[in-house]
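This report looks at how parts of one structure are arranged.

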Amino acid sequence: MKEEGKHKKAKKYGMVINLDECTGCGACMVACMAENNVPFREDESNKLDSIAWMRVYKLTNGKSYPDADICYLPRPCMHCEGDHGHSPCVSVCPATATDYSHETGIVSQIYTRCFGCRYCMGACPYHARYFNWWDPVWPEGTTKYLNPNVSPRMRGVVEKCSFCFHRYQLAMDKAYFEGRAELEEDEYQTSCTQACPAGAITFGDLNNPEHKVYQLAKPDNKHGGRPGNPNVFRLLERLGTNPKVYYISSREWVRRAGDNYLDNEDFAKNYRR
Amino acid sequence: MDSALIPEGVKRCSFGKFAIGIIIVGGVLLWGVYAMLLIWLKGLNQTNMNDFYGFALWIWADLGVIALGGGAFFTGFLRYIVGKDELKNIINYAVLIGFICYSSALLILAIDIGQPLRGWFIFWHANVHSMLTEVAFCLSCYFAVLTIEYIPLILENRQLNKVPFFHNLAHNMHEVMAIFAATGAFLSFFHQGSLGGVAGVLFGRPFAVREGIFIWPWTFFLFTWSAAAYGPCFTLFVTRLTEKITGKKLVKQNVIELLAKISGWTMGTYIIAKIIDTWYWASVTAPALGLNLIDFYSNNPFYGIWILVAEIVVCGIIPSAILLSPKGRSNSTLLFTALSLACIGVLINRWVMVLQVMAAPVMTFENWVMYIPSWQEVATTILPMAYGVILVMISFRYLPIFPQERELNP
């Protein structure tokens with residue numbers, strides 16, 4: 001317990017997803033659903049009302065053979081910091097059912113406080129928030145496989161990716177028991193990160209220069225976390241949401257697809273702003 | 001049968017005719033109640049909302065009825081604060097319409113939430129940074145004010161007024177009504193504004209987001225302004241409609257024209273502000289986010305540039321021009337056209353600020369998503385209208401809503 005009470009530096013957990021390595025296999029989605037007790041229905045064909053905390057999008061460059069190219073883009077919650085924690089969804093929730101943690105940088109969702117107004121869903125430009133239109137129905141026998149560390153959600157509330165926050169809590173419990181106040185990099189990893197067979201997802205503390213996410217993204221934390229790596233971009237950077245999920249791509253059309261640009265705009269110059 | 005309850009000196013249709021009317025509208029009301037119960041018991045899966053359309057028909061209806069109900073606060077403001085005494089002849093009806101609109105808005109909100117039993121969390125766990133919190137507080141308070149304004153009217157019923165306590169209470173409430181009118185105007189300026197703020201603060205949604213002053217985006221002021229402009233138009237529209245249905249002149253032309261003229265000015269100035277806002281958003285705000293104006297009005301089957309033209313030109317500039325012209329105001333057909341267009345205009349504005357915001361894609365690899373409401377959504381939206389019609393029918397029959405009715409219909 002020697003580190004107990006010692007002031008801890010604020011964490012900013014984030015993710016870097018290498019789109020050059022992502023194969024679109026969907027293992028991250030499956031792992032996320034299993035880990036977080038994400039409910040599903042018999043018919044999941046309507047993607048407008050099915051829940052997927054991690055959703056893999058398929059992007060195309062719109063060209064025909066032989067120039068056609070595709071890219072798979074996994075999209076978890078961006079855990080936007082906005083301006084000093086003023087993220088798009090947190091600021092609008094009327095019942096403080098979602099909050100930005102300055103200790104971890106994680107945007108939480110309190111299911112038992114959410115009363116289902118869905119204003120946060122309207123505020124999120126990434127469509128990372130999902131509403132429970134139905135009560136979860138678990139096929140017979142599958143309740144035995146639910147994760148006991150994650151509470152299932154009831155009908156009428158919003159849910160979203162939590163960066164597997166329960167894993168952070170478990171890791172912190174273990175560290176505390178061992179007399180530590182800080183976690184090692186590999187002690188807290190999200191399920192999607194661990195499930196990705198291509199190793200395309202990296203997770204860690206964006207405030208810690210020793211963590212791989214920091215080294216990959218090179219975030220300029222004095223300027224809203226903008227990436228220092230020229231091949232790294234964030235989705236909808238220009239909106240000012242200040243997301244904590246970074247993407248790597250060596251292909252310019254993919255980086256350009258990350259945000260809106262006017263036709264006559266100098267992309268190379270503007271996307272760094 | 002019920003002649004003892006009808007105000008003295010006025011003529012009303014037979015009780016049988018009245019009862020048939022109530023039964024017909026009551027049938028529609030019951031249909032809405034059935035849909036409402038389905039939604040409360042089975043959940044919001046009864047709607048066609050989805051994860052793209054978290055806000056849909058109901059929120060539009062909410063914003064719509066609150067804007068149309070703005071006639072109550074603005075007419076009250078003009079009557080009691082500015083001192084336009086002639087408006088005392090229409091203020092009762094404005095209050096009644098406002099009461100219907102605001103109670104409808106609260107009912108729709110109660111249906112619209114996923115966990116209705118937790119509705120009180122908005123007050124208990126209030127997030128002071130959320131525009132919706134401000135809406136909930138101001139809306140509830142203003143509804144209380146409208147109830148206080150409506151009570152003396154009820155107490156003026158011929159039979160109730162015979163009870164000395166009710167008579168004195170109604171009289172004394174009228175005496176202090178200016179205080180409530182001022183409170184109502186204050187609250188309304190805020191909640192109408194915060195409803196505009198609900199869209200304007202969405203900095204993740206380029207179609208909705210606006211710059212502003214301090215915490216208030218421009219939509220905050222535009223919504224208040226438009227409610228002040230278009231709300232009285234709805235009061236006048238319903239008054240005209242009531243006159244047509246009952247075949248009676250209920251309010252003197254000078255009162256109608258005064259309120260129409262004030263609405264014309266408010267609407268004209270609002271439209272100028274709206275044009276400036278749209279121009280600034282289209283030329284500065286949206287391009288800074290990498291989007292052109294036309295991006296919001298193309299590549300989809302419904303939202304074309306026509307909707308902007310319809311809102312600003314057809315249902316904004318034209319009705320304000322008619323209302324500003326003495327000839328337009330005095331011509332019954334032109335006036336009714338202007339009032340109808342104005343009501344449609346504010347409803348289009350609220351529609352685009354809710355539905356088009358949700359429909360327009362933000363991420364480059366997503367597409368426009370269209371939405372058609374389910375019958376349950378439609379029925380629950382019609383429900384408050386049916387309730388409103390019934391309340392108007394009952395109030396008109398048994399309460400002295402129009403002070404000039406006896407004089408105009410000797």
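At roughly what angle do the axes of helix 2 and helix 13 of chain B cross? In this predicted model, the axes of helix 2 (residues 57-68) and helix 13 (residues 332-359) of chain B cross at roughly 145° and come within 9 Å. The crossing of helix 2 of chain B past helix 13 of chain B is right-handed. The residues that make the contact are listed below.

| Helix of chain B | Residues in the contact |
|---|---|
| Helix 2 | Ile59(B), Trp60(B), Leu63(B), Gly64(B), Ala67(B), Leu68(B) |
| Helix 13 | Cys343(B), Val346(B), Leu347(B), Arg350(B), Trp351(B), Val354(B), Leu355(B) |

By class, 11 nonpolar, 1 polar and 1 charged residues take part in this contact between helix 2 and helix 13 of chain B.

Another element of chain B is helix 8, which covers residues 177-200. From its first C-alpha to its last, this helix of 24 residues reaches 34 Å, close to the 34 Å expected at 1.5 Å a residue. Of the 24 residues of helix 8 of chain B, 17 are buried, so the helix is largely enclosed by the rest of the structure.

Chain B also touches chain A: 40 residues of chain B are in contact with 43 residues of chain A. On the chain B side, helix 5 (121-124) and helix 6 (131-155) are the elements that give two or more residues. Helix 6 of chain B provides the largest share of that side, 4 residues. Sorted by class, the side of chain B that touches chain A holds 21 nonpolar, 16 polar and 3 charged residues.

Note on methods:
Residues are numbered from 1 along each chain as its sequence is written. Chains are lettered from A and ligands numbered from 1 in the order in which they are written. This is a predicted model: local features need pLDDT of at least 70, side-chain atom pairs count only at pLDDT 80 or more; totals for chains, interfaces and linings use all residues. Two residues are in contact if their C-beta atoms, placed from the backbone, lie within 7 Å. Ala, Val, Leu, Ile, Met, Phe, Trp, Tyr, Cys and Pro count as nonpolar, Asp, Glu, Lys and Arg as charged, and the others, Gly among them, as polar. The expected span of a helix is 1.5 Å times one less than its number of residues. A residue is buried if 20 or more other C-beta atoms lie within 10 Å of its own, exposed if 12 or fewer, and partly exposed in between; C-beta atoms are placed from the backbone. Axes are lines fitted to C-alpha atoms, for helices over the stretch in contact, and angles run from 0 to 180 degrees between N-to-C directions. A crossing is left-handed if the near helix is turned anticlockwise from the far one by less than a right angle, and right-handed if clockwise.
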